[in-house]
Amino acid sequence: MSTKPQGNSRNATFLIVAFLFFIAVAIAFLPAVNENIAEGMKELTGQSIDTQSLAYEARTIFDTLCYNRSIHILAMLLLGFGFLMVVVRGHGYSSITATLLAVSIAIPVYMLIKSFMGEGSALSIDAFMWAEFAAASLLIAIGAPLGRLTMDQYLLLGVLFVPVYLFNEWLLLESGDFNGFQDTGGSVAIHAFGAYFGLGLVATTAKKFENGPSCESDSTSNQFSLLGSLLLWVFWPYFTSAVANPERVVLTAINTVFALAGATIATYIFSKLIRGKVDIEDIANASLAGGVAIGSTCDIANPGLAMLIGLAAGVLSTVGYSIIAPRIEKLIRGADTCGVHNLHGMPGLLGGLSAIIITGNAGVQIICMVITIVVAFIGGRIVGAIVGLLGTKKELYSDLDEFGH
């Protein structure tokens with residue numbers, strides 16, 4: 001999608017030393033080696049607050065605080081994801097419209113289905129934020145086939161995605177069969193699910209589009225994509241702290257920023273080490289992998305561990321974009337336009353695995369990740385077959401067939 005940089009300006013020794021330095025910085029934030037950080041952790045993880053038992057007036061105050069977070073999540077979904085997906089040259093109108101459709105479909109459909117499930121109030125701020133999570137997962141999923149679906153297909157995809165997402169969410173978090181599963185910020189249930197659903201959508205479609213134009217970016221589309229990345233970076237702490245207990249919101253925000261910082265640093269270093277020069281696709285995407293990976297433990301980790309998770313996620317995502325992606329596309333026989341497997345799939349699973357370090361519940365974590373991959377991929381294959389009945393986009397990676405200029 002982006003042009004390969006020419007020349008070689010690696011300074012490998014310096015970059016490796018710099019990476020080791022930031023690992024040391026992260027370790028210095030671990031409570032086990034820093035007494036001041038240990039004291040701070042005690043303050044940030046104080047006595048739990050049961051907001052459900054509060055008086056109506058106090059509960060209203062907490063709902064208002066949650067409302068503020070929910071609006072920031074909307075900004076993340078529409079502005080962050082929207083601009084990030086403008087990376088495809090000549091497909092900007094379609095990318096923005098697909099983003100608008102995804103959010104507009106997912107939130108009401110999710111809340112409608114929940115209203116018939118009879119689990120608490122369907123018109124609560126909590127239900128609204130869980131619906132936003134579904135919208136985020138849908139946006140991740142559509143990144144895989146981006147540029148190869150018509151607007152009508154995006155519309156149908158959104159409607160069919162939500163029930164499958166809800167089934168996986170119920171299975172992991174509400175069925176009672178997997179008690180102890182740790183995934184507060186949705187590394188697995190939101191990010192990994194959306195990524196593997198997206199891979200299911202595009203699996204075995206390579207021949208269908210093999211004679212079409214290739215997906216390309218240019219300076220303008222890349223700059224819009226970077227803008228989207230910056231917006232996602234800013235709003236990500238609202239996303240991870242949305243359903244965290246009130247006494248852990250500050251810790252969650254700090255952990256999220258540390259994870260994002262770690263991923264950004266690792267992305268820069270390993271993009272240069274692997275490619276010779278910094279690749280825009282890496283910076284716009286892999287720098288966000290820390291936010292994906294910290295989701296599972298965002299409210300129970302400490303800043304040092306969060307930064308280490310972010311560093312690992314940045315390395316994994318950068319290697320994904322530069323080395324692993326072609327192999328995955330060959331395996332599934334389909335193209336992943338936005339590289340959702342590199343940004344959301346693998347880092348999401350890394351987040352799920354990182355929870356084992358803190359909780360020790362290896363069996364539950366691994367089983368839930370396997371279930372998510374299976375449900376998402378099979379669900380994506382089925383939905384992809386249904387969506388395919390609406391035909392094929394005439395102008396691949398282009399607005400020309402559906403938008404007037």
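Helix α14 (residues 362–387) is the main contributor to a nonpolar surface patch, giving six residues to it. The model is predicted. The patch covers about 720 Å².

**Nonpolar patch**
- The patch is made by L353, I366, V370, V374, I378, I382, I386 and L389.
- I378, one of these residues, sits in helix α14.
- The relative accessible area of I378 is 46%, so this residue counts as partly exposed, a class that lies between the 20% limit for buried and the 50% limit for exposed.

**Helix α13**
- Helix α13 spans residues 340–359, 20 residues in total.
- From first C-alpha to last, α13 reaches 27 Å, close to the 28 Å expected at 1.5 Å a residue.
- Because 14 of its 20 residues are buried, α13 is largely enclosed by the rest of the structure.
- G360 follows α13 and has a positive phi, near 75°.

**Cavities**
- Two cavities of 30 Å³ or more are found in a search of the whole structure.
- The largest cavity holds about 140 Å³ of space.
- This largest cavity is lined by 17 residues, of which L84, M85, N285, C338 and V340 are the closest to its centre.
- Elements giving two or more residues to the lining of the largest cavity are α3 (56–84), α5 (125–143), α10 (280–285) and α13.

Note on methods:
Residues numbered from 1 in each chain as written. Predicted model: local features only at pLDDT ≥ 70, side-chain atom pairs only at ≥ 80, totals over all residues. Heavy atoms only, no water. Helix = DSSP H or I, 4+ residues; strand = E, 2+ residues; numbered from the N terminus. Expected span 1.5 Å × (residues − 1). Buried < 20%, exposed > 50% of the residue type's maximum accessible area, 1.4 Å probe, protein only. Patch = residues over 30% accessible without salt bridge, like charges linked within 9 Å, V, L, I, M, F, W, Y side chains within 5 Å. Areas by Shrake-Rupley, 256 points an atom, 1.4 Å probe, with all protein chains shown as cover. Salt bridge = Lys/Arg side-chain N within 4 Å of Asp/Glu carboxyl O. 1 Å grid on protein atoms, 1.4 Å probe; cavity = no way out; pocket = protein on both sides within 12 Å on 5 of 7 lines; lining within 4 Å. Points joined across faces, edges and corners; volume = space filled by probe spheres on them.
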